[in-house]
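Welcome! Please take a look at the sequence and the model below, and then go through the short briefing that follows.

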Number of protein chains: 2
Amino acid sequence: MAIPRHLTMQNPSKAQLRLWSRLDKVKTREETGLFLAEGFKVVQALLESRWDVQALLILEEKKDRWAAFCETLPVSLPLYGLTRKEWKGLTQDVSPEGILAVGITPPRLQLADLMAKGARGPLLLLHEINNPGNLGTLVRTALWFGFAGVVLSQGSVDPLNPKVIRAAMGSIFHVPFLFGADLSKVLPRVKENFHVVGSSVRTGTLPHACGEKTALLLGSESHGLPETLLKLTDEQWHIPRRGVGESLSLPQAAAILMYECVRSAPSRAARP
Amino acid sequence: MAIPRHLTMQNPSKAQLRLWSRLDKVKTREETGLFLAEGFKVVQALLESRWDVQALLILEEKKDRWAAFCETLPVSLPLYGLTRKEWKGLTQDVSPEGILAVGITPPRLQLADLMAKGARGPLLLLHEINNPGNLGTLVRTALWFGFAGVVLSQGSVDPLNPKVIRAAMGSIFHVPFLFGADLSKVLPRVKENFHVVGSSVRTGTLPHACGEKTALLLGSESHGLPETLLKLTDEQWHIPRRGVGESLSLPQAAAILMYECVRSAPSRAARP
């Protein structure tokens, strides 16, 4: 009879708890190359990705809920059981699911790698996206629409920020990502192989279907794109307002533009 | 010299404070016909609408911030100054702007009124939308795309719920609204004058431009539309997935579908 995996949980050391509790800070994530992924869907997406996982943490009072799941995991993955007090140091979630992974940040991609992947779908270029919820939602939408990669500029929120990971519902681990990019240098190189479309809140042509070698450039909800970057695009798209209101939210405008980017592309996923 | 309006603020009675503090409950809103609208943008949208306002509440410690604005208001509108403690009873906002309106719910519209307005744009029909943020965002998007009215089914969140009002950024007061509707009875009547399009997560045709006499029917993020309602539509639209992921979020899918609904329609708003 197999021994249920939840019986083999280890107790974390104080040093481990201290380290994990600091992973909400970008500085600690960069120094250690580790990050936290919370919640079942997110943990599952991480385990199904090519990213490595260092440990799985379970809230002891909820271990029965995760026992069956833990039995499906490789024995080489360390499982830790945490008390409610220890758990509180790692997350602000008021009603935690009780499952958390300590993930290992993969080696940074180079632009050339990402552009090579661009053969399989459009690229998404993001300028100074500071709202974690917005960034997470944008990545989730990009994955849904078959985008092949994301380039995130300097001055954006860290994509391994817990709020980004949560809003992205695990999609972060499945989209090739380049971050901390200087878009004024990246755009000219992307333009050599891609048709670069920028989103403009003021003027531009109506969005329209285009080939797969497209790169869609979006700015933040509050500031949009600076003129210096818009000037480097091949084309500017504008979603016309038909009624009244100040603006569409960024995730909604982005959904419309990404939908247009892949409009004529064949479906790459099996349909239900 | 005009006496600055912020000097003429009244102190609220205990009975007023008690009543206002209960306006977070749908029951109290229905019994009194009153609701709270918080934040400058929302208050401004309410004052610019055809809805009536019973009183304006100002957090005393922030009265200098609102003095100039208050001077632009009709003298007939009562202004109340509230202490921080009194304010806390009315809102959960951790860093309040310090401005709140007590609004008066307008008389309920009839379906016939709403359909008459449908000559000026499409209608949005919503089935069991329980997430306040989603409902608010849907209404804001509908206003942006020039929809002429919204029908909200029974079993949805109250559109005058403070979280809906906030997410809608004041658009609630500018879109004719019918709520508590039984869509199985409403749909056959709407179909007499409108082409009814339902959103389907499984099958259907690609979204496409259509005339103004269109009614777009959407379900909740978790459950979509029931078969009984989908059967009553003239057409079903499906946004195809091109990559991977479980689903688009409702506000994003809705933005794409509303955008398609008005795609060929002429712009009704002055362009910047």
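Glu31(B) and Lys27(B) sit four residues apart in helix 2 of chain B, which is about one turn of the helix; helices here (H or I, at least four residues) and strands (E, at least two) are DSSP runs, numbered from the N terminus. This is a predicted model, in which local features need pLDDT of at least 70 and side-chain atom pairs count only at pLDDT 80 or more, while totals for chains, interfaces and linings use all residues, and side-chain values use heavy atoms, with hydrogens and water left out. Residues are numbered from 1 along each chain as its sequence is written, and chains are lettered from A and ligands numbered from 1 in the order in which they are written.

**Salt bridges**

- Side chains of opposite charge can pair when their charged atoms come close.
- Glu31(B) and Lys27(B) form a salt bridge, with their closest N and O atoms 3.2 Å apart; the term means a side-chain nitrogen of Lys or Arg within 4 Å of a carboxyl oxygen of Asp or Glu.
- Glu31(B) is exposed, at 58% relative accessible area, and Lys27(B) is exposed too, at 57% (buried means under 20%, exposed over 50%, partly exposed in between, with a 1.4 Å probe and protein chains only).
- Glu260(A), Arg263(A), Glu260(B) and Arg263(B) are joined into one network by salt bridges that share partners.
- Over all chains, the structure holds 22 salt bridges.
- Asp234(A) pairs with Lys191(A) in a salt bridge, the closest N and O atoms being 3.8 Å apart.
- Asp234(A) is in the loop between helix 10 (227-230) and strand 10 (235-237) of chain A and Lys191(A) is in helix 9 (residues 183-191) of chain A, so this pair ties together parts that are 43 residues apart in sequence.
- Asp234(A) is partly exposed at 39% relative accessibility, and Lys191(A) is partly exposed at 34%.

**Aromatic pairs**

- There are 16 aromatic pairs over all chains; rings of Phe, Tyr and Trp (its six-membered ring) pair if their centres lie within 6.5 Å, and planes under 30 degrees apart count as stacked, over 60 as edge-to-face and the rest as tilted.
- Trp20(A) and Tyr80(A) have ring centres 5.3 Å apart and planes at 70 degrees, so their pair is edge-to-face.
- Trp20(A) in helix 1 (residues 14-21) and Tyr80(A) in strand 3 (residues 79-82) of chain A are 60 residues apart, and their pair links distant parts of the chain.
- Trp20(A) and Tyr80(A) are both buried.
- In chain B, Phe40(B) and Trp66(B) are stacked, at 5.3 Å centre to centre and 25 degrees between the planes.
- Phe40(B) is partly exposed at 23% relative accessible area, whereas Trp66(B) is buried at 5%.

**Two domains in chain A**

- Chain A is divided into domain 1 (5-104) and domain 2 (111-261), with bounds that come from an automatic or database domain assignment.
- Domain 1 and domain 2 of chain A have their centres 31 Å apart, taken over C-alpha atoms.
- The contact (heavy atoms within 4.5 Å) takes 14 residues from domain 1 of chain A and eleven residues from domain 2 of chain A.
- Between them, domain 1 and domain 2 of chain A bury about 1,100 Å², 66% of it on carbon and sulfur atoms; buried area is the accessible area (1.4 Å probe) that two parts lose on being put together, summed over both.
- Three salt bridges are found across the interface of domain 1 and domain 2 of chain A.
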